[in-house]
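Please open the model in your viewer and keep the selection panel at hand.

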Amino acid sequence: MATRTTPRSRSGAPAARSAGTSSGKKQPARQGGSRPASRTAAPAAPRRPALPVRIVRGIWMGSAHLVGGAARRVGRDARDLDPSHRRDGLAFTLLGIAVIVAAREWWSLSGTAGGVVHNIVAGTFGVVGVVVPILLLATSVRLMRHPDRGQANGRIGIGFAAILLAVCALVHVFADAPGTDDMDAVRGAGGMLGLIVGTPLVTLVTTPVTVVLLFLLAFFGVLVVTATPVHQVVPRLRALYRRLTGQHDEATGDEADDEPLVINALHSAVEEPEARPGRRRGRLARRRAEAQAEAEQAALDAYEADEAFVRAAVVVPGAEHDDETQAFDPAPPTEPTAAVDAEATAAVPSRTKAPLAPPVTTGVPRGEQPMLDGDVLYTLPSEESLVKGAPHKVRSAANDRVVESLTSVLEQFEIDAKVTGFTRGPTVTRYEVELGQAVKVERVTALSKNIAYAVASADVRILSPIPGKSAIGIEIPNTDRETVALGDVLRSAAAKRSDHPMVIGVGKDVEGGYVTANLAKMPHLLVAGATGAGKSSFVNSMIVSILMRATPDEVRMVLVDPKRVELTIYEGIPHLITPIITNPKKAAEALEWVVREMEARYDDLAAFGFKHIDDFNAAVRAGKVKPLPGSERKIATYPYLLVIVDELADLMMVAPRDVEASIQRITQLARAAGIHLVLATQRPSVDVVTGLIKANVPSRLAFATSSLTDSRVVLDQPGAEKLIGQGDALFLPMGAAKPMRTQGAWVAESEIHAVVAHVKTQLKPSYRQDVTQAAPKKQVDEDIGDDLDLLLQAAELVVTTQFGSTSMLQRKLRVGFAKAGRLMDLLESREIVGPSEGSKAREVLVQADDLPATLAMLRGAPEALPGDEGIPVATDYHDDLEDEGQDWPGGAR
Ligand SMILES: Nc1ncnc2c1ncn2[C@@H]1O[C@H](COP(=O)(O)OP(=O)(O)OP(=O)(O)O)[C@@H](O)[C@H]1O
């Protein structure tokens with residue numbers, strides 16, 4: 001097990017989070033009284049240094065940064081510089097040019113270079129040159145503030161260029177289109193730019209038409225800058241009108257979101273869009289926004305200063321290959337509400353993580369990725385393909401009402417306990433109740449029905465204690481629940497911390513932190529939940545996460561969708577290795593193919609002396625893997641293979657034994673071969689999720705189940721039956737002691753379409769033909785004949801019960817005496833049971849541990865099957881390479 005710590009502070013200040021919340025510092029509640037002891041102080045807000053100290057620190061850090069930057073620059077190639085420094089350099093250069101141009105064009109401060117500057121600026125732009133310093137200044141500020149928004153910056157640049165061109169040409173045309181013979185007149189009109197664009201147009205299409213065309217060009221520029229499609233012009237102008245006439249306050253949030261209108265566009269050149277709503281609202285809202293910003297800053301400071309706070313991450317034992325299974329947004333532990341809700345009457349603090357926008361954007365190489373063979377440039381979908389969700393609420397009036405109800409229940413039953421805080425997740429809020437001395441925990445837990453009654457919700461879940469805290473947690477659904485946008489999860493720092501292609505966005509936890517998971521670390525995942533609980537939505541989020549982050553070179557998928565509706569949208573994506581499989585029988589065969597593929601990969605890794613696909617891939621990327629002597633194979637990395645079965649029950653109905661056996665083989669070995677299974681079912685009963693499957697699929701994600709029994713099947717504990725549906729889930733990654741309540745991420749169909757369209761236009765899938773072909777007929781011994789299925793069942797029965805009785809076979813397999821006797825003889829001939837001992841049961845010679853091998857032996861030896869083939873790696877996109885690779889097992893690489 002490992003834990004993750006927050007960054008250490010420079011000052012070594014103590015953990016801000018533990019103050020006020022940790023058990024050690026609790027004040028005992030007043031004893032014996034009917035009312036709980038009053039707590040005057042909300043948990044201490046993280047301390048900030050005094051203003052002068054911050055100013056001095058800021059100046060010091062700023063100078064250090066500058067000096068450091070200068071020093072780094074000396075003697076180093078500019079290409080080695082951090083991209084952010086390079087962008088800052090560009091921004092400062094533009095700023096410098098703006099100052100020089102303004103000095104000459106605005107204030108006529110001309111040194112020796114003044115004439116040159118004027119000739120260049122006025123010569124190029126004419127009188128329009130006076131706005132050049134403003135444009136340079138705006139560009140410079142924009143680059144400094146949003147260096148990461150390359151795409152938006154490019155768009156705004158193009159838009160302004162169009163406007164500038166149009167204006168220069170218009171000025172030129174209105175100034176009677178002077179020619180090059182009178183350069184002073186050109187400089188006094190639209191400069192060379194105006195001349196180059198305006199004069200030919202006037203000659204070609206006359207002055208009036210030119211003016212119309214140039215206005216159109218300018219209008220187009222405005223649309224580009226404001227990112228306004230033509231059909232949105234009217235709604236946005238309407239929104240602008242509403243805003244200017246003060247009707248905006250009544251507008252719904254949706255309308256507000258829809259509104260990057262012309263004015264916003266002007267902001268957008270220099271300003272963070274998230275900051276806008278704060279300005280639009282009334283004074284009260286503005287004060288709140290300021291308070292919130294302060295709180296966020298305080299939280300950030302506390303985070304930096306947080307020396308001792310250690311946040312337990314859910315960890316995978318033996319996860320030797322880099323990052324963690326589950327990650328949280330490093331949004332700091334914080335108690336911002338003291339500041340945020342200074343005006344609120346409730347004294348109970350919200351401990352929900354303040355949403356810190358924007359998330360850290362470094363770390364993940366985005367965008368273009370050359371395919372392995374170098375002749376296809378594959379670009380990942382833009383982050384903007386996925387929409388932004390509404391900002392996360394830290395507390396709402398509904399929370400305050402629940403706190404009142406809880407407090408009054410505790411008072412009515414005269415329990416010396418107090419609601420000391422809460423953390424608000426998107427779906428549920430966890431209210432923390434601390435007990436006075438000598439108060440039994442059971443007194444509160446016994447009240448669960450009364451609490452449910454008081455808050456008018458049947459889905460109350462009580463945790464005693466909250467893991468890691470001396471407090472009881474009462475999880476109550478929010479009446480004003482929020483949707484978690486997948487885009488937000490994938491843009492969060494938690495997701496960006498790792499560039500592993502198998503990291504997916506899961507959702508948000510009950511503290512408002514983003515939850516991501518690395519499927520490669522699961523290493524296999526069971527997803528279950530009743531109809532409508534959110535399982536398919538999760539599968540969609542998972543696939544879209546992969547499409548957003550991984551090229552087909554990195555991850556290939558096998559999608560099994562017996563319901564035929566859920567996954568059709570992904571048909572034709574290049575990440576598929578076979579068309580989506582809808583026939584359960586073919587799906588069972590595909591699983592057998594996965595087993596063969598896994599074995600082939602194993603053999604191949606072993607031939608090159610590697611134990612894990614990650615090591616092999618790393619060595620290939622480093623150019624350290626050479627083809628074996630005599631081989632012309634083109635060495636390439638293996639993609640991860642993700643097998644998603646969206647309804648295990650359908651497969652288990654057609655071929656339970658084969659499916660179970662394949663799953664068992666895959667799950668036991670596939671991890672090192674980079675093969676991972678996700679099994680989803682809406683029927684988590686023991687005949688679908690058998691003991692064998694459960695034992696081999698260690699990570700679980702349970703959406704609302706219809707019964708406690710189902711919850712036990714999925715999680716080995718109750719809880720899932722209390723979930724409230726629509727993506728509310730309990731997530732238990734391998735190695736975690738307790739399931740974590742998570743609201744699953746949501747991705748709309750339109751977003752899926754956009755992402756799928758993006759990936760499909762770039763590459764066609766290159767399907768393997770053999771995935772759904774039946775495995776080559778195995779050599780079943782002649783004496784078994786058609787009785788193989790029965791014999792397998794008989795062997796399993798006898799070995800698991802260790803009881804070699806013919807009458808048991810008769811009863812359990814519902815066969816006659818003669819058939820049961822024949823089966824027993826066959827078992828004896830394979831040395832699974834000993835010889836007959838009269839009326840006594842036979843001795844069983846095989847231990848339960850050896851059952852899988854025994855069953856395999858009865859089916860016919862899996863080794864040395866003819867036709868086993870390895871999965872083609874990335875090179876199979878290129879037909880000309882299909883026949884290469886003699887040393888690949890099966891030769892199909
Ligand atoms: N993460 C989520 N966020 C918001 N709403 C959700 C979420 N997941 C599911 N829902 C809502 O619940 C509905 C049902 O979800 P979904 O289709 O995923 O359920 P399911 O468990 O797959 O059901 P089935 O097994 O019948 O396919 C969705 O149409 C959506 O309205």
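Predicted model: local features only at pLDDT ≥ 70, side-chain atom pairs only at ≥ 80, totals over all residues.

Residues are numbered from 1 along each chain as its sequence is written.

Lysine 535 belongs to helix H20; helices (H or I, at least four residues) and strands (E, at least two) are DSSP runs, numbered from the N terminus. Leaving aside residues up to four places away in sequence, Lysine 535 touches Val527, Gly529, Ala680, Gln682 and Phe703, where contact requires C-beta atoms, placed from the backbone, within 7 Å.

Next, select Glycine 529, in the loop between strand S12 (525–528) and H20. Glycine 529 is buried, with 31 other C-beta atoms within 10 Å. Beyond residues up to four places away in sequence, its contacts include Gly534, Lys535, Gln682 and Phe703.

Now display the ligand. Which residues are closest to the ligand? The closest are Gly534, Lys535, Ser536, Ser537 and Gly727, among 16 residues that surround it (a residue is near if its C-beta atom, placed from the backbone, lies within 6 Å). Helix H20 (residues 535–549) gives the most to this shell, with three residues. By class, the shell has four nonpolar, 11 polar and one charged residues; Ala, Val, Leu, Ile, Met, Phe, Trp, Tyr, Cys and Pro count as nonpolar, Asp, Glu, Lys and Arg as charged, and the others, Gly among them, as polar.

In the unreviewed UniProt entry, the annotation "binding site" covers Gly529, Ala530, Thr531, Gly532, Ala533, Gly534, Lys535 and Ser536. Such positions follow the numbering used here, feature names are shortened, and annotations may be inferred rather than shown by experiment.

Move on to residues 89–107, 119–144, 156–175 and 195–228, which the unreviewed UniProt entry annotates as "transmembrane region". Residues 119–144 are 77% helix and 0% strand, with end C-alpha atoms 29 Å apart.

Finally, colour the chain by pLDDT, the predictor's confidence in each residue, from 0 to 100. The protein chain averages 74, and 70% of the residues score at least 70. Over residues 248–346 the pLDDT is below 50.

Technical notes: Buried ≥ 20, exposed ≤ 12 C-beta atoms within 10 Å, placed from the backbone. Contact = placed C-beta atoms within 7 Å.
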